[in-house]
Amino acid sequence: MAGVRRPVPRSVQLRLDVADRVDHLPGQHYVVRLTAPDGYTAQRSYSVASAPGDPLVELFVERLDDGEVSTHLADVVEPGDELEVRGPIGGWFVWDGATPALLVAGGVGVVPFVSMVRTAAELGRTDLLRVAVSTRTLAELAYADELAAAGALVVTTREPHGIRPAGRLAPADLVPLWEPGQTCYVCGSAAFAEAASQLLLGLGVPATSIRVERFGPNG
Amino acid sequence: MAGPTRGFLGRRRDRDPRLPPGQYDVGADWPVLTAEPTPRIVPETWSVTVDGRVGSPTTWTWAEVHRLPRSEYRGAIHCVTTWSRFDTWFAGVSVDTLLEAARPTDEARFVVATSKTGYTTNLPLEHVLGGKAWLVWEHDGRPLPVEHGGPVRLLVPHLYFWKSAKWVTRLTLLTRDQPGFWEQNGYHDLGDPWRQQRYQGD
């Protein structure tokens with residue numbers, strides 16, 4: 001564990017120095033496995049936030065109060081600790097670095113998109129990505145400054161944001177971002193992912209162009 | 001295998017023996033995990049076809065499949081994302097019943113299940129025979145909700161739940177294995193939770 005930061009409440013950013021690492025594709029995840037002294041194990045998957053060119057693997061983990069793994073990562077882990085990880089994993093929810101894409105995130109669902117945005121910057125192809133993010137409040141949004149710098153549309157559901165009142169992501173938000181030929185990636189809670197993908201279908205996005213990653217306290 | 005993680009004791013000391021390694025009991029929740037938008041399917045226009053290496057390729061409509069002998073599953077389901085859910089109750093028809101009608105040929109060894117969305121998953125034929133697999137349209141006595149694969153999903157509860165294709169419309173029998181959606185994307189070909197066959201190489 002090379003670095004542990006807590007830039008937003010109830011979450012933790014982990015920077016891992018992974019021996020013999022295989023480069024990931026933006027959107028892929030790692031499995032973190034914890035082992036108790038008696039051999040009991042618990043493991044969960046977490047999306048990678050870093051770009052492949054980063055010498056470290058960066059994970060961003062939301063702390064769930066009843067989460068067996070996330071509470072350990074958020075409360076106990078310190079730099080210098082060794083963690084058992086496995087990855088990169090997943091071949092579907094990945095961006096190839098060449099296809100135009102619309103990224104729609106709810107809350108901590110931004111993490112795989114941070115990896116995509118950083119990868120686009122590495123490749124000099126930030127023009128390929130459009131980003132829309134829904135968060136309860138700005139203070140709770142991971143990577144808020146980085147996303148804003150990348151031109152992301154940020155919608156806040158529990159407080160006004162700029163001239164916009166509190167409210168959910170609406171079709172009018174996505175219309176200016178969507179173009180035919182884009183692959184749409186949706187990442188968030190099960191409820192957010194369902195609502196956002198139905199929103200995209202309503203705009204006329206073909207179902208085959210929509211890739212969904214759902215997560216939740218139990219996922 | 002790595003040694004103990006510093007400071008980690010784990011929470012669950014009295015593990016339910018029904019819980020495969022690396023899984024936890026999710027309780028009454030039933031998480032929704034899919035890779036594509038939820039389709040809207042009207043039961044009256046749904047049908048399921050069994051084809052490929054069979055003597056009698058057969059299609060059943062919603063009404064026809066309900067006239068087949070009812071079969072139920074009561075027990076656990078296990079998701080590769082590490083949750084398990086106990087005491088589930090599903091009802092529908094046994095895959096055995098469909099295959100008795102379609103009559104797999106001698107060279108049939110594998111099955112690919114296809115969903116309305118285009119999602120696919122592959123299974124060795126012996127893993128859907130002998131009372132191990134169902135097409136289900138009822139959960140806890142009520143119609144299977146669309147987000148959980150309704151109107152009809154495949155149910156293969158002895159394997160990780162991605163094998164239980166939602167919104168299933170076709171079972172195709174094959175002579176050779178043909179990896180499905182997740183199986184092409186890094187997940188294990190069989191997916192036995194008791195052997196923790198989560199990813200390729202497990």
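Biologist: Which domains does the domain assignment of chain A give?
Modeller: The assignment, whose bounds come from an automatic or database domain assignment, gives domain 1 (3-89) and domain 2 (101-215) for chain A. Please keep in mind that this is a predicted model, in which local features need pLDDT of at least 70 and side-chain atom pairs count only at pLDDT 80 or more, while totals for chains, interfaces and linings use all residues. Residues are numbered from 1 along each chain as its sequence is written, and chains are lettered from A and ligands numbered from 1 in the order in which they are written.

Biologist: How many Å separate the centres of domain 1 and domain 2 of chain A?
Modeller: Taken over C-alpha atoms, the centres of domain 1 and domain 2 of chain A are separated by 23 Å. The contact takes 14 residues from domain 1 of chain A and 13 residues from domain 2 of chain A, where two residues are in contact if their C-beta atoms, placed from the backbone, lie within 7 Å.

Biologist: And what classes of residue are on the side of domain 1 of chain A that touches domain 2?
Modeller: That side of domain 1 of chain A has 8 nonpolar, 5 polar and 1 charged residues. Here Ala, Val, Leu, Ile, Met, Phe, Trp, Tyr, Cys and Pro count as nonpolar, Asp, Glu, Lys and Arg as charged, and the others, Gly among them, as polar.

Biologist: Let's look at strand 5 of chain A; why is it largely enclosed?
Modeller: Strand 5 (residues 57-62) of chain A is largely enclosed by the rest of the structure because 6 of its 6 residues are buried. A residue is buried if 20 or more other C-beta atoms lie within 10 Å of its own, exposed if 12 or fewer, and partly exposed in between, with C-beta atoms placed from the backbone. Strands (E, at least two residues) and helices (H or I, at least four residues) are DSSP runs, numbered from the N terminus.

Biologist: Which residues point one way from strand 5 of chain A, and which the other way?
Modeller: Val57(A), Leu59(A) and Val61(A) point one way, whereas Glu58(A), Phe60(A) and Glu62(A) point the other way, and all are buried. In a regular strand the side chains alternate between the two faces of the sheet.

Biologist: Which strand do the bridges join to strand 5 of chain A?
Modeller: Strand 2 (residues 11-16) of chain A is joined to strand 5 of chain A by 6 bridges, and the two run antiparallel; strands pair if DSSP finds at least two bridges between them. Within this pairing, Gln13(A) has Phe60(A) as its bridge partner in strand 5 of chain A.

Biologist: What about Gly53(A), where is its place?
Modeller: Gly53(A) is in the loop between strand 4 (41-47) and strand 5 of chain A, and Gly53(A) counts as exposed because there are 11 C-beta neighbours inside 10 Å.

Biologist: Switching topic, in what order do the strands of the parallel open sheet of chain A come?
Modeller: The order is 9-8-7-10-11, with 5 strands in that open sheet of chain A. Strand 9 (153-156) and strand 11 (210-215) of chain A stand at the edges with a single partner strand each, so one side of each is left without a neighbour in the sheet. Strand 7 (residues 101-106) and strand 10 (residues 183-189) of chain A pair in the parallel sense over 5 bridges, and Val104(A) stands opposite Val186(A) in strand 10 of chain A.

Biologist: Which strands does helix 2 of chain A lie across?
Modeller: Helix 2 (residues 111-123) of chain A lies across strand 7, strand 8 (129-135), strand 10 and strand 11 of chain A, and runs at about 150° to strand 8 of chain A. Axes are lines fitted to C-alpha atoms, for helices over the stretch in contact, and angles run from 0 to 180 degrees between N-to-C directions.

Biologist: Now chain B; which residues of helix 2 there are buried?
Modeller: In helix 2 (residues 95-102) of chain B, Val95(B), Leu98(B), Leu99(B) and Ala102(B) are buried. They cover an arc of only 95° around the axis, which puts them on the same side of helix 2 of chain B, the arc being that of the directions from the helix axis to the C-beta atoms. Just after helix 2 of chain B, Arg103(B) takes a positive phi of about 60°.

Biologist: Last one: how many residues does the contact take from chain B and from chain A?
Modeller: The contact takes 31 residues from chain B and 34 residues from chain A. The side of chain B that touches chain A has 12 nonpolar, 14 polar and 5 charged residues.
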